[in-house]
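User: I should like to learn how to read the features of a structural model. Please take them one at a time, with the general idea before the case.

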Amino acid sequence: MYLNCHTFFSFKYGTLSPKALFEQARLHKVKKLVLTDINNTSAYIDMLRICNEERENYDLEVAVGIEFRRDEKLLYLGIARNNEGFEELNSYLSHYNNTGQPLLSKAPDFNHAFVIYPFGHQQPEALRENEFIGIRIREVNKIIRTPYSGFLHKLVIQHPVTFRDKKSFNTHRLLRAIGQNTLLSKLDPTTQVPDNEVMVPEEQLMTYYDRYPRIIKNTRQLLDQCHIHFDFSTDKNIACFTGSKAEDREKLKSLALEGFIRRYGPQNRTALDQLHHELDIIARQNFEAYFLVCDDIVKFAHHKNFEHVGRGSGANSIVSYCLGLTDVDPISLDLYFERFLNPERSSPPDFDIDFSWKDRDTVTAYIFNKYGEKRTALLGTHVTFSQRSVLRELGKVFGLPKKEIDNIVEYPQQYRDKDSITRLIFNYAGEMLKIPQHLSIHAGGVLITENPIHSYTATDRPPKDFPVSHFEMHAAEDMGIYKFDILSQRGLGHIKDSVATIARNRGIKEDIKRFDDFTKDSKIRKLLSQGKTMGCFYVESPAMRMLLGKLQCNDYITLVAASSIIRPGVARSGMMRAYIERHHAVKNGGSYESIHPKMDELMQETYGIMVYQEDVIKVAHHFARLSLAEADILRRGMSGKFRSRKEFQRVREQFFENCRKEGYENDVTERVWYEIESFSGYSFSKGHSASYAVESYQSLYLKAHYPLEFMVSVINNFGGFYKTEFYFHEARMDGGMVEAPCINQSEYLTIIKGKSIYIGFVHLKSLETKLGRLIPEERALNGPFKSLDNFIRRVPVGLEQIRILIRIGAFRFTQKSKRLLLWNAHMYFGSTEPRRYSRDLFEEEVKHYQLPSLETGPFEDAFDELELLGFPLCDPYKLLKPTPIGNVKTDLLRAMLQQRVEIVGYLVTTKNTRTKDGKHMHFGTFYDYEGKVFDTTHFPVVAKKYPFRGKGFYRIRGKVVEDFSYPIIEVSWMEKLPMVDKYELMQDSRDYAVVKKLKAKSGAGIKRKSKFPA
């Protein structure tokens, strides 16, 4: 009887998860329902899977449809009779999603789907055979007074299900207010639903319609005709690459053997045996098409001269290595192929291919062009409410002022019980966490199906301009559709750009593929062991810099391990600390206490600690004697979403049972299980970490030998861990002269000439992109600009844009003050004569006027740079109000262990985290007056009492501690320091003696030495 059931995939409308909808059906003994989310098909796979899993306990059948709405207005329901009808509905919705046209007011003539219109929206005599009118409870008494009374055979029960109880109804109203961007008190009643849209027993529902038994009969007949079936056990990906499985098999074998000779030569028997072993498993699993599609994508990229990195567990495969999908040798690294593929694994392998962020869209377009949009889609994902976002949104709909909302978000523990409104906010925030807000795009997943993609999902077309599936990764895998990961990253871009910049600036052609040489490079080893890795792919974050310093990492294998143990699952379980301790113990000729000898045997390289994803499979299979299929279920169970499933719980019980039979002590089994459980979907496979480490070494080589060209390339790829200001700072620390944008030197992007780095026009906040690109184009065509007047005559520019260029110093080559140039610009644009653009060889002589004396204050440039670039180009410490700068500097921290110190730091970045008991704490990264970086820890009491208050300078007091020889300041007190006031300085700008005196005072405490230009 339920033809119109919603889940929370009716975004900002529904409140029930698929599991909750199933439980409502079980509670009210409903045996069949139709799932009809609003313009969405995200929920049905989860719903069908739950029904399959629970069939022994409760047999619920689900039919599938779509509730079609336009501008929030209900148009009609479409309900699939069968799989063909579902494809019809998906194709119809997708057409309008992808073209941007509004949905039709009257549904098309579906061949395999029913249509149900709202009461009063269609004349009964105009209805087709498969079309009906839905009658809600409140509309039953209206039938007798309408033409519908003569068409009872066209009426069906339409009782929507949107929530389960009063609190769920309130959640619906809050979601609607968020969706409408309005106060809850001003929510239009027409945008929310009545509070009776809950499921009730079918006998109770039918009592509302007992005057019209024909309506009940119609509804039951319609429902009985609707069935949907999908075999979740079959692979629905592209079946063949060449046209037949036999041809695929021969092609893959031929390509792999050809690559084998190139990689290993003809004599390596061990590698050849592994190759044949892998090819045999791939053939038995019918996965040849997967490898050939990946090979075709990489070949296209090479043809376009695009760099790529193959990673994921695919890097564990010698077939992948021989095809050139990855540059990680699985033989030399002893990679565990069974993480990638094993005879008992039913799902296709997992392989990630990274391209530069500049190239990825071209590669994606190639895939869509080759396989067609009929069979291809980007994988969708669902953006859920986070704790911070839901608190902010609820604060807005309850009408709180912004300042109070900010406080609630930043300090939830303090504000949770402040008053009745905040209690409501936190009460409903808990309800709304994990409710999806909207559809988004998976980081890189591309789906290529054998049958049309609309057999399984409707698609949207967001700004990426490629269709996107409504379901996400786990649902796709349940259906038997496995993604190809076509990912983008900035690291490849800055490596490629560095090579080109080095060739331009130094005339050196670098070969960045000399990985074996890089592992022996003493300069790279020094950077690694000291954690001086800013700008380098994957190893530049404060946490990674500290880890490398603690490990005193100076080799490839240790970096591979570090790339995985930095991940949250390993780090939070204590395994990261255990790894560091054991690493130093072994390095110094000592020993360590092992959990169990078998663990040391399985993971000798990582001191008996599970570091990589395949370690879970190794331990499950060899330690707990689970089958490889069961071990892979545990590996997949690292995903929190998969962990709740019965399949995972069954394997968990088997793990403990097998360990008991093997005779392990209970505390040993519990500890091993704890380590498995701690991975939480965050760890890497070893091949993945190895691929990352190769790219890190390439970055490190460039930083070690060409630091300025490297940093310019990092800046031009816009994607590092830190803000752009600090990459310019790093370049300056390496001896670069950072110059403000100049109309005769700068390009749109940042460039380097010798050691001079000219900031690109792209970094000027308010400069129009078109103008930023036009300036270097005009200069290339017609030569350097001679003056302000010459520039204005040659480039179409308005007063506001010319003011930006003058204030940033882009006309400094004229040797005229900025104030004089601004005066001239205003004179020029204030003229009533029409503007004309000229590139004549001889220009009219510019009139010069006698102007008053125009003086400039000492920090005017710095304040202009702060406003226009977001950071000053002088030493920022010059902008600090006169103040003592402490009794220590970064270089002296190690000499002051366990002592209390005071230091002034310029904030680089912070990391907010929580302790095990949920309290907020922070880590900070600063640089001192010499420009050298130091790190701080802010435990919960201090974090609450002395919070960060944005960018700028902080006076810090605390104790210097060390963690594996890495010095850190444990903060006990902190205050933000004021910068010099722009307007006060303007008043004093004529008295330079005062300014000099202030500068002298700012050196109090210890002697200052700056790497910055005056």
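User: Which residues of helix H12 are buried?

Analyst: A residue is called buried under 20% relative accessible area, exposed over 50%, and partly exposed in between, with a 1.4 Å probe and protein chains only. In H12, which runs over residues 360-371, the buried residues are Arg360, Val363, Thr364, Tyr366, Ile367, Phe368 and Tyr371. This is a predicted model, in which local features need pLDDT of at least 70 and side-chain atom pairs count only at pLDDT 80 or more, while totals for chains, interfaces and linings use all residues. Residues are numbered from 1 along each chain as its sequence is written, and side-chain values use heavy atoms, with hydrogens and water left out.

User: What do the buried residues of H12 pack against?

Analyst: Contact means heavy atoms within 4.5 Å. Helices (H or I, at least four residues) and strands (E, at least two) are DSSP runs, numbered from the N terminus. The buried residues of H12 pack against helix H9 (288-303) and against strands S9 (352-356), S10 (376-384), S11 (436-448) and S14 (484-489).

User: Which residues of H29 are buried, and which exposed residues lie on the face turned away from them?

Analyst: An α-helix has 3.6 residues a turn, so residues three or four places apart point the same way. In H29 the buried residues are Phe648, Val651, Phe655, Phe656, Asn658 and Cys659. They lie on the same side of H29 because they cover an arc of only 165 degrees around the axis; the arc is that of the directions from the helix axis to the C-beta atoms. The face of H29 turned away from this side carries the exposed residues Glu653, Arg660 and Lys661.

User: At what angle do the axes of H27 and H29 cross?

Analyst: Two packed helices are described by the angle between their axes and the distance between the axes. Axes are lines fitted to C-alpha atoms, for helices over the stretch in contact, and angles run from 0 to 180 degrees between N-to-C directions. The axes of H27 (residues 628-636) and H29 (residues 646-662) cross at roughly 115 degrees and come within 9 Å.

User: Which residues of H27 and H29 meet?

Analyst: From H27, Glu630, Ile633 and Leu634 meet Glu647, Phe648, Arg650, Val651, Gln654 and Phe655 of H29. By class, this contact has 5 nonpolar, 1 polar and 3 charged residues. Ala, Val, Leu, Ile, Met, Phe, Trp, Tyr, Cys and Pro count as nonpolar, Asp, Glu, Lys and Arg as charged, and the others, Gly among them, as polar. Phe648, Val651 and Phe655, which take part in this contact, are also among the buried residues of H29.

User: What is the phi of Tyr607, and what is that of Arg625?

Analyst: Most residues other than glycine have a negative phi. Tyr607 has a positive phi, near 60 degrees, and that of Arg625 is likewise positive, near 60 degrees. Tyr607 lies in the loop between helix H25 (597-602) and helix H26 (613-623), and counts as buried at 12% relative accessibility. Arg625 belongs to the loop between H26 and H27; at 47% it counts as partly exposed.

User: Is His470 buried or exposed, and which residues does His470 touch?

Analyst: His470 is buried, its relative accessible area being 1%. Its place is the loop between strand S13 (468-469) and helix H17 (473-479). Not counting residues up to four places away in sequence, His470 touches residues including Asn39, Asn97, His382, Leu439 and Asp460.

Key: The expected span of a helix is 1.5 Å times one less than its number of residues.
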